[in-house]
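I opened this notebook to record what I looked up in one structure, entry by entry. Each entry starts from something I wished to know.

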Amino acid sequence: MRHILSCDQFSRKDLMELFALTDEMRANTNQFSNSLQGKIVATIFYEPSTRTRLSFEAAILRLGGNIISTENAKEMSSAIKGESLLDTIRVVDGYCDAIVLRHFDSKAAADAAAVSSVPIINAGSGSGEHPTQSLLDAYTIYKYKKNLDGLSIVVMGDLLFGRTVHSLVKLLTLFENVTIYGLSREVLALPDEYVTYLKQKEVSYISCRSFDEIPCDVDVIYQTRTQTERFENTDLEVEEFIIDQSVMRKFSPQTILMHPLPRRNEISPAVDQDKRAVFFQQSHYGMYVRMSLLHNILAGK
Ligand code: NCD
């Protein structure tokens, strides 16, 4: 049984195999249309989602599997009656072959995995990790840049609560000579836990407070939304680093602009026409990456 809980569980080989399978999924989607035949996957979401839940569900359906789902588990499941997550998992695991779980507690996926008899796939746990997002992010970088060795990337916005960034920086440690610039306000800086992880893996991490500190030929800009729902202090809501056409003009024609979405005002819609803005393609790739993951977990050898 293979749970997907954190990006520290993957090897470089796992990633390269997943990317190759994803290429195949995209090229020959119909060939996999029975791979989850007879399987039931539960999607249980205690926090809002558009892309993650729908792309997982589309992936399950495209692989010939079936879905049982609760999209607002916080209010529409027995959680509202006081049932604990672990009791819910112990029940739902008897109904299905895998559980895709999004939860507001950063330890939820690991806790669920400890009691589940079926694989748990972490679809975002609080301000902790969001490993499947990072797999699709890495796949997107791979498709546009051909290689992740030697990559230079700016992760920016909310590095404190942004679980997509937490997972992505972990994943990038699998590659050689990666340089990560962390651009945020001081109050939203990357937590020490991740800075230490990067240091241990000998990945260069440079904390920045202004666009001027970022080289113009950086390979990737990875913008994120300020996670206001996790703030107690609403003064933090103002976006400081907005990407608009004037910012994009400073960067090389080869610099790609990514975002896990949803965006608010941190990327101006005027930038969407720029060929370097790849975030909609990124989210489209997500469905295929999730198809590959599900195939590996439920239909693989
Ligand atoms: C992200 C998330 O839920 O962490 N969205 C996503 O899954 N694509 C990013 C966000 O909500 O800002």
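**Entry 1. The chain as a whole**

I began with a term: two residues are in contact when heavy atoms of theirs lie within 4.5 Å. The model I examined is predicted. I then looked up the contacts in the protein chain between residues at least 6 apart in sequence, and 76% of them join residues at least 24 apart.

I noted 10 helices and 9 strands in the protein chain. I looked up its extent along the principal axes: the C-alpha atoms fill a box of roughly 55 × 45 × 40 Å. For 301 residues, a compact globule would have a radius of gyration near 19 Å, and the value of 19 Å for this chain agrees with that. I also recorded that 55% of the 301 residues count as buried.

Which residues of helix 5 are buried? I found Ala108, Ala109, Ala112 and Ala113 buried in this helix, which spans residues 108-115. Seen down the axis of helix 5, the buried residues fall within an arc of 130°, so they line one face of the helix. I set beside this a general point: an α-helix has 3.6 residues a turn, so residues three or four places apart point the same way. I next looked up what covers the buried residues of helix 5, and found helix 4 (85-92), strand 3 (98-103) and strand 4 (120-125) included in the cover.

I turned to helix 7, residues 163-172, and asked how many of its residues are buried. The count is 10 of its 10 residues, and helix 7 is mostly covered. Among the buried residues of helix 7 I noted Arg163, His166 and Lys170, as well as Val165 and Leu168.

**Entry 2. Helix 6 against helix 10**

Two packed helices are described by the angle between their axes and the distance between the axes. I looked up both for helix 6 (residues 131-145) and helix 10 (residues 279-299): the axes come within 8 Å and cross at roughly 115°. The crossing of helix 6 and helix 10 is right-handed. On the side of helix 6, I listed Thr132, Gln133, Leu135, Leu136, Asp137, Tyr139, Thr140, Lys143 and Tyr144 as making the contact. On the side of helix 10, I listed Gln281, Gln282, Tyr285, Gly286, Val289, Arg290 and Leu293. By class, this contact has 7 nonpolar, 6 polar and 3 charged residues.

**Entry 3. Isoleucine 4**

I located isoleucine 4 in the segment before helix 1 (12-27). Is isoleucine 4 buried or exposed? Its relative accessible area is 0%, so isoleucine 4 is buried. I compared two separations: isoleucine 4 and isoleucine 121 are 117 residues apart in sequence and 4.7 Å apart in space, C-alpha to C-alpha. Not counting residues up to four places away in sequence, isoleucine 4 touches several residues, including Phe10, Ile121, Pro131, Thr132 and Leu293.

**Entry 4. Two serines in loops**

Where is serine 184? I found it in the loop between strand 6 (179-183) and helix 8 (192-200). Serine 184 has a relative accessible area of 1% and is therefore buried. Leaving aside neighbours within four places in sequence, I noted its contacts with Gly157, Leu159, Ala189, Cys208, Arg209 and Phe241.

Serine 252 is in the loop between helix 9 (245-249) and strand 9 (256-258). Serine 252 has 15% relative accessibility and counts as buried, because the cut-off is under 20%. Leaving aside neighbours within four places in sequence, serine 252 is in contact with Cys216, Asp217 and Arg276. I also looked up serine 252 and aspartate 219, which are 33 residues apart in sequence and 8.4 Å apart in space, C-alpha to C-alpha.

**Entry 5. Backbone geometry**

Most residues other than glycine have a negative phi, and most peptide bonds are trans. Leucine 261 has a positive phi of about 65° although it is not a glycine. I found leucine 261 in the loop between strand 9 and helix 10, and proline 262 lies in the loop between strand 9 and helix 10 as well. Leucine 261 is buried, with a relative accessible area of 12%.

Lysine 146 has a phi near 75°, also a positive value in a residue other than glycine. I located lysine 146 in the loop between helix 6 and strand 5 (152-156). At 65% relative accessibility, lysine 146 counts as exposed.

Terms used:
Residues are numbered from 1 along each chain as its sequence is written. This is a predicted model: local features need pLDDT of at least 70, side-chain atom pairs count only at pLDDT 80 or more; totals for chains, interfaces and linings use all residues. Side-chain values use heavy atoms; hydrogens and water are left out. Buried means under 20% relative accessible area, exposed over 50%, partly exposed in between (1.4 Å probe, protein chains only). Helices (H or I, at least four residues) and strands (E, at least two) are DSSP runs, numbered from the N terminus. The arc is that of the directions from the helix axis to the C-beta atoms. Axes are lines fitted to C-alpha atoms, for helices over the stretch in contact, and angles run from 0 to 180 degrees between N-to-C directions. A crossing is left-handed if the near helix is turned anticlockwise from the far one by less than a right angle, and right-handed if clockwise. Ala, Val, Leu, Ile, Met, Phe, Trp, Tyr, Cys and Pro count as nonpolar, Asp, Glu, Lys and Arg as charged, and the others, Gly among them, as polar. The radius of gyration is taken over C-alpha atoms; the globule rule is 2.2 Å times the number of residues to the power 0.38.
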